[in-house]
Amino acid sequence: MSSSPTTAPRRTALDALHRSLGATMTDFAGWDMPLRYGSERDEHTAVRTRAGLFDLSHMGEITVTGPGAAALLDHALVGDIGGVRPGRARYTMICREDGGILDDLIVYRLAETEAGSSTCLVVANASNAQVVLDALVERSAGFDAEVRDDRDGYALLAVQGPESPGIVKALTDADLDGLKYYAGLPGTVAGVPALIARTGYTGEDGFELFVNPEHAVELWQALTKAGEGVGLVPCGLSCRDTLRLEAGMPLYGHELSTALTPFDAGLGRVVKFEKSGQPADFVGRTALAEAAARAESAPPRVLVGLVAEGRRVPRAGYPVVADGRVIGEVTSGAPSPTLGRPIAMAYVDATHAAPGTVGVGVDIRGSHEPYEVVALPFYKRRK
């Protein structure tokens, strides 16, 4: 009896470099990715206090071009992409017809020609990239736009942390002082052509650099050298998760799923029922309008922060309890290097969602550990 063949994980252009640095590698969404290089706590602290360098080349880049590119994305996504100026970016979502979240995305509006053709870069989570690509292709019927799978066309490096502006400035002539959060501009970094974006998933200032994979090693090495004097360290996916958790940022498959609408996730603000000043018709509109009304009148479970009074760490799926009954479920949990205590995000009944609510616990293997309900995020950087 023959066994079904297994597909080997894909490797980024930086794979050999990660291994030379002694990285612990892991299979993440079909990619072999660095989990950590040494201590994930040290990597986390470096990003909070100095700077960290990440390989994010597993993310899913999809380019949408043509005179109807913005109109297609206004139809396919919940956000107002037509209202995004060239050089800016928007956090948004793609939903099913029933309002369930297929993925959360960042859309960069890159360029617009005099003839009215525009180019947008859609960045999807690695685990959902094919789903998003298929949905955009399907939804593009009737629009004067082309949807292109560019996942093999980019490597993505991120420099995150308070020292990141100085590190990148040392390697580019681009106007970083004028580059606002959620903006991007073409330029060169260490002589490498790049889309320089002021975005990230850590709660810190930082940059995401989209480059041709053949330039990835050269750019990594240049960034490493530029950051030597300010404590830049290579960082893996493990600390990226604790950084985004402290910053209260959702992770698809944990805080977001097809079983939830953006309103269920407390992110109804990303849904725009008017786009470019006009009532908009987009995929999922009817279901999302109903979800918005539900959230106002009788909110379902609410996403909250939980901070442990003890030392036991909650994990995704653990029940949240109060008054002897289950009132919710943990979606993400980890020790917080910044707070020095275990933290979690959880969906809980609205009656127990107010910050400061007492008597709430997490069932950790049969033991009800006390937790305090707090407002998200757990951590906010000083600007």
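1. With a relative accessible area of 8%, E208 is buried; here buried means under 20% relative accessible area, exposed over 50%, and partly exposed in between, using a 1.4 Å probe and protein chains only. The unreviewed UniProt entry annotates E208 as "binding site". UniProt positions follow the numbering used here, feature names are shortened, and annotations may be inferred rather than shown by experiment.

2. A word on the model before going on. This is a predicted model, in which local features need pLDDT of at least 70 and side-chain atom pairs count only at pLDDT 80 or more, while totals for chains, interfaces and linings use all residues. Residues are numbered from 1 along each chain as its sequence is written, and side-chain values use heavy atoms, with hydrogens and water left out.

3. Which residues does E208 touch, leaving aside those up to four places away in sequence? Its contacts (heavy atoms within 4.5 Å) include Y108, L157, Q160, I196 and T199.

4. The largest nonpolar core holds 28 residues, and L157, V159, I196, L209 and L223 touch the most other members. Such a core is a set of buried Ala, Val, Leu, Ile, Met, Phe, Trp, Tyr and Cys residues joined through side-chain atoms within 4.5 Å. Two or more residues come from each of β4 (51-55), β10 (155-160), α5 (164-169), β12 (192-197), β13 (206-211) and α6.

5. Helix α6 deserves a look of its own. Within its span, residues 216-226, the residues A216, L219, W220 and L223 are buried. Down the axis of α6, the buried residues fall within an arc of 100°, so they line one face of the helix; the arc is that of the directions from the helix axis to the C-beta atoms. L223 touches L53, L157, V159, I167, L171, L209 and L232, not counting residues up to four places away in sequence. Another core, of 26 residues, lies apart from the largest one, with L256, L288, A291 and L303 among its members.

6. Now the charged pairs. The whole structure has 18 salt bridges, each a side-chain nitrogen of Lys or Arg within 4 Å of a carboxyl oxygen of Asp or Glu. E255 and R244 form one of them, with their closest N and O atoms 3.0 Å apart. This pair links distant parts of the chain, 11 residues apart: R244 is in helix α7, and E255 is in the loop between α7 (237-246) and β15 (274-275). Both E255 and R244 are buried.

7. R312 and E369 form another salt bridge, at 3.4 Å between the closest N and O atoms. R312 belongs to the loop between β17 (302-308) and β18 (319-322), and E369 to strand β22, 57 residues apart. R312 is partly exposed at 34% relative accessible area, whereas E369 is buried at 15%.

8. On the domain layout, the protein is divided into domain 1 (14-52 + 154-247), domain 2 (58-149 + 261-298) and domain 3 (301-378), with bounds from an automatic or database domain assignment. The centres of domain 2 and domain 3, taken over C-alpha atoms, are separated by 32 Å. UniProt's unreviewed entry lists residues 16-275 as "domain: GCVT N-terminal".

Note on methods
Helices (H or I, at least four residues) and strands (E, at least two) are DSSP runs, numbered from the N terminus.
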